[in-house]
Amino acid sequence: MASWKKLTAAVALASVLLIGLTGCGAAPTTQIFEGFEKASAAEADVAEAVKTLSTLEAKDSKQYNSILSQGKQDNRNVQTLIDNSSKSLEERTQAMDQLKSMLDDARKKMGELDGAISNLKEEGLKKQATEAYNAYVKRYETFTSMYEKYGKWIQQEQALYNELKQKDTKLKTITKAVSDRNEACRQVEQLKIQFNDYTKSFNTKKSEFYKQAGMQVTGTEKKEGEGANS
């Protein structure tokens with residue numbers, strides 16, 4: 001299973017401070033800038049939340065492998081491990097809920113910027129703003145899908161543990177439960193990659209928009225890997 005570690009160097013949105021603004025179209029440009037930066041500020045703790053989730057996933061992964069390995073011999077050997085893993089699944093659910101709360105808040109802070117973007121007179125500037133905004137919207141939509149799939153992953157893993165606790169469980173049933181769990185996990189990992197790709201795209205497109213708009217900004221974000229290398 002891939003971890004967040006290789007995927008989240010840019011999990012958080014880059015945040016900047018506006019020093020000055022030159023050029024025409026200041027009103028819609030400033031509105032877009034404020035939307036972008038309000039969202040970035042609302043995600044200040046996202047990297048730390050991801051780090052917590054990553055730690056829990058790593059712990060769960062070790063327990064999961066131990067349960068499967070020992071359970072093949074005798075499922076009576078893994079009852080305590082299963083109970084511990086069930087508690088870990090609850091902790092992961094809570095951590096994912098916390099992450100969702102942060103990203104939901106950031107999306108609200110961003111607001112709907114289609115109107116401000118359409119009011120930009122310069123086509124090149126409008127193109128940059130559109131690409132940045134679309135990347136952010138797709139990022140949020142990807143996370144929403146990830147959140148749903150993550151819930152199914154947790155459910156499938158818990159279902160597998162429930163089967164392993166049964167004295168008369170059948171190998172065919174266990175095999176099916178493992179397959180369902182692995183598929184749910186695979187879908188989540190794919191969405192993690194997409195989420196991070198959109199994060200990087202938004203940060204890049206946003207910087208290009210600021211440059212095109214003649215904004216003088218200074219970065220305040222953490223360096224790549226700080227607070228997100230979990």
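# Notebook: a helical chain and its buried charges

**T142.** I started with T142, which, leaving aside neighbours within four places in sequence, is in contact with L191, Q194, F195 and Y198; contact means heavy atoms within 4.5 Å. T142 sits in helix α5. I take helices (H or I, at least four residues) and strands (E, at least two) as DSSP runs numbered from the N terminus. T142 is buried, with a relative accessible area of 7%. My cut-offs are under 20% relative accessible area for buried, over 50% for exposed and partly exposed in between, with a 1.4 Å probe and protein chains only. The T142 side chain also reaches the backbone oxygen of K138 at 2.7 Å. I list that as a polar contact: N or O atoms within 3.5 Å, where within protein one must be able to donate a hydrogen and the other to accept it, and residues adjacent in sequence count only if both atoms are side-chain atoms.

**Ground rules.** I'm working from a predicted model, where local features need pLDDT of at least 70 and side-chain atom pairs count only at pLDDT 80 or more, while totals for chains, interfaces and linings use all residues. Residues are numbered from 1 along each chain as its sequence is written, and side-chain values use heavy atoms, leaving out hydrogens and water.

**Overall layout.** I find six helices and two strands, in the order β-α-α-α-α-α-α-β along the sequence. Of the 230 residues, 43% count as buried. I also looked up the contacts with a separation of 6 or more: residues 24 or more positions apart account for 87% of them. The accessible surface comes to about 12200 Å², with 49% belonging to carbon and sulfur atoms; these areas come from the Shrake-Rupley method with a 1.4 Å probe, and for residues only the protein chains shown count as cover.

**Helix α3.** I checked α3 (residues 79–110) end to end: its 32 residues reach 47 Å from first C-alpha to last, close to the 46 Å expected at 1.5 Å a residue. The expected span is 1.5 Å times one less than the number of residues. Just after α3, G111 takes a positive phi of about 75°.

R107 is found in α3 and is buried at 12% relative accessible area. A polar atom of the R107 side chain lies 3.0 Å from the backbone oxygen of G111. Ignoring neighbours within four places, I get E112, Y133, Y136, V137 and Y140 as contacts of R107. E43 is 64 residues away from R107 in sequence, yet the C-alpha atoms are 9.7 Å apart.

**Cores.** What has the most contacts inside the largest nonpolar core? L99, L160 and L164 do, in a core of 32 residues. Helices α2 (46–71), α3, α5 (123–164) and α6 (171–212) each supply at least two of its residues. I also noted a second, separate core of 23 residues that includes A42, M110, A116 and Y210. By core I mean buried Ala, Val, Leu, Ile, Met, Phe, Trp, Tyr and Cys residues joined through side-chain atoms within 4.5 Å. Neighbours within four places aside, L99 is in contact with V46, A49, V50 and F143.

**Salt bridges.** My count is 16, where a bridge is a side-chain nitrogen of Lys or Arg within 4 Å of a carboxyl oxygen of Asp or Glu. I looked up three of them.

- E37 pairs with K206, closest N and O atoms 3.0 Å apart. E37 is in α1 (residues 26–42) and K206 in α6, so the pair ties together parts 169 residues apart in sequence. Buried or exposed? E37 is buried at 9%, and K206 is buried at 1%.
- E157 pairs with R181, closest N and O atoms 2.8 Å apart. This pair links distant parts of the chain, with E157 in α5 and R181 in α6, 24 residues apart. E157 is buried at 1%, and R181 is buried at 8%.
- K192 pairs with E189, closest N and O atoms 3.3 Å apart. K192 and E189 are three residues apart in α6, so about one helical turn separates them. K192 is buried at 0%, and E189 is buried at 9%.

Last entry on charges: salt bridges that share partners join D60, R92, E157 and R181 into one network.
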